[in-house]
Amino acid sequence: MATTKQQRSQARSAHLSVETQGNNHIVNITEPLRQIIASMSLHNGTLICFVTGTTAGLTVIEDEPGVIEDLQDALERLAPKVAEYAHERTGCDIHPGAQL
């Protein structure tokens with residue numbers, strides 16, 4: 001049985017800034033993440049992504065127009081842009097649907 005030398009884990013970090021066009025806009029960040037990984041000369045490991053903002057989110061879905069449209073439609077049904085929200089009465093200037 002062959003033995004392998006264990007490599008010590010090293011954490012690396014990078015920042016990716018993404019601008020959207022508003023509610024339910026979906027941005028594929030696969031290629032920018034590939035570029036970040038390549039720039040670090042990494043060949044194996046685990047990539048952990050997170051969002052620091054409260055009105056954004058991450059998901060893993062197929063980059064296929066029908067799937068993206070289905071997700072956008074589901075988000076609109078969940079938190080319609082045109083609806084009455086109690087959140088609006090607090091004076092918050094962020095669209096309540098973006099908070100849900």
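Q: Why is E69 called partly exposed?
A: The relative accessible area of E69 is 47%. Buried means under 20%, exposed means over 50%, and partly exposed lies in between, with a 1.4 Å probe and protein chains only. E69 is therefore partly exposed. The model is predicted: local features need pLDDT of at least 70, side-chain atom pairs count only at pLDDT 80 or more, and totals for chains, interfaces and linings use all residues. Residues are numbered from 1 along each chain as its sequence is written, and side-chain values use heavy atoms, without hydrogens and water.

Q: Where does E69 lie?
A: E69 belongs to helix α2, residues 65-78. Helices are DSSP runs of H or I with at least four residues, strands are runs of E with at least two, and both are numbered from the N terminus. The protein has 3 helices and 0 strands, in the order α-α-α from the N terminus on.

Q: Why is T55 called partly exposed?
A: T55 has a relative accessible area of 43%. T55 is found in the loop between α1 (30-39) and α2. Its C-alpha atom is separated by 9.1 Å from that of N23, 32 residues apart along the chain.

Q: How many of the contacts between residues at least 6 apart in sequence join residues at least 24 apart?
A: The share is 38%. Contact means heavy atoms within 4.5 Å.

Q: What percentage of the 100 residues in the protein is buried?
A: Buried residues account for 8% of the 100 residues.
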